[in-house]
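Subject: Structure handover

Hi,

Here is the structure for you to look through. My notes follow below it.

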Amino acid sequence: MKRRPFKILAGALLVASIAVVNTGCVDRKAQDQAKKISEVVTDQTRRVKVYAVTTSNIEETLDLTGDLTSGLDTVVNAKTPGQVVSVYVKDGDAVSSGQVIATLDTSTQQAQLMQATAQVRAAEAQLAAAQVGVTQAKRNAAIGPMRTSAVVRQAEAQVRSAQSQLQKALNGARPEERAQAESSLASAKSNMDTQKKELDRVQKLVTEGAIAATRLDQQLNAYQSALSQYNSAQEAVALLRRGTREEDIQTAREAVRQAEEGVKSAKAS
């Protein structure tokens, strides 16, 4: 590589010298050019650049078109069927054991869980009620005989009460009761007459303008109340005078019969 430029330059110098000899004249430009060429040929110095020695990676790439197949593939399946609503990784991402990579729609499972929870609570309530029933049954078994005796005594007392009412209906009203009823009637009659006189007096005063009309309304209400009491007392006396009706006696006898049946039922229990 070093000798080839020298040969070219030497040839050029020879041609320049021949041109000078042939022309017989001095070509200053050619002489200067030949001088420069001679200096370049004879100069042994060379300019170089110095670099520090370093290490670096050389990447070698190869562009190809085709399909890539992983050496290790894993198929991920859900334990329960459902619609995927979120995916947290992409193809090629590194994952670890236990990492959540996707979530499914759990609305159906949540509804089933709520229903199952309600069923469990209902079953627990039924169990608690059954336990209470067992406890109550044990108590009833312990106090059953005493309760049965009390029920029998109560039924017998109802029989005696019904018999007493029947006898009262058969006997009719006592003289004392009649006297009391007639006394109440007389008192009611006297009160009614008094209220009627007062009503007439108040009505006259209202007509003359001596008192307010509201006083008349008050007295009218008092008279109506006294009249109602008098009518009730009359009915009571009339009932006592007529005596007990046959249908009332039959009702009393039916009450005695039902009470006796109650005693039989209590004793059977």
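This is a predicted model: local features need pLDDT of at least 70, side-chain atom pairs count only at pLDDT 80 or more; totals for chains, interfaces and linings use all residues.

Residues are numbered from 1 along each chain as its sequence is written, and side-chain values use heavy atoms, with hydrogens and water left out.

The largest pocket has a volume of about 900 Å³. A pocket here is an open set of points on a 1 Å grid over the protein atoms alone, where a 1.4 Å probe fits, with protein on both sides within 12 Å along at least five of seven lines. The volume is the space filled by probe spheres set on the points. Of its 29 lining residues (an atom within 4 Å of a point), Val76, Asn77, Val89, Ile101 and Ala102 are the closest to the centre.

**Gln195.** Gln195 sits in helix H4, residues 175-208 (helices are DSSP runs of H or I, at least four residues, numbered from the N terminus). Gln195 counts as buried because its relative accessibility is 19% (buried is under 20%, exposed over 50%, partly exposed in between, with a 1.4 Å probe and protein chains only). Leaving out residues up to four places away in sequence, Gln195 touches Gln219, Ala222, Tyr223 and Ala226 (heavy atoms within 4.5 Å).

**Glu254.** Glu254 lies in helix H6, residues 246-268. At 33% relative accessibility, Glu254 is partly exposed. Glu254 and Ala162 are 92 residues apart in sequence, yet 8.8 Å apart in space, C-alpha to C-alpha.

Best wishes

Note on methods
Helices (H or I, at least four residues) and strands (E, at least two) are DSSP runs, numbered from the N terminus.
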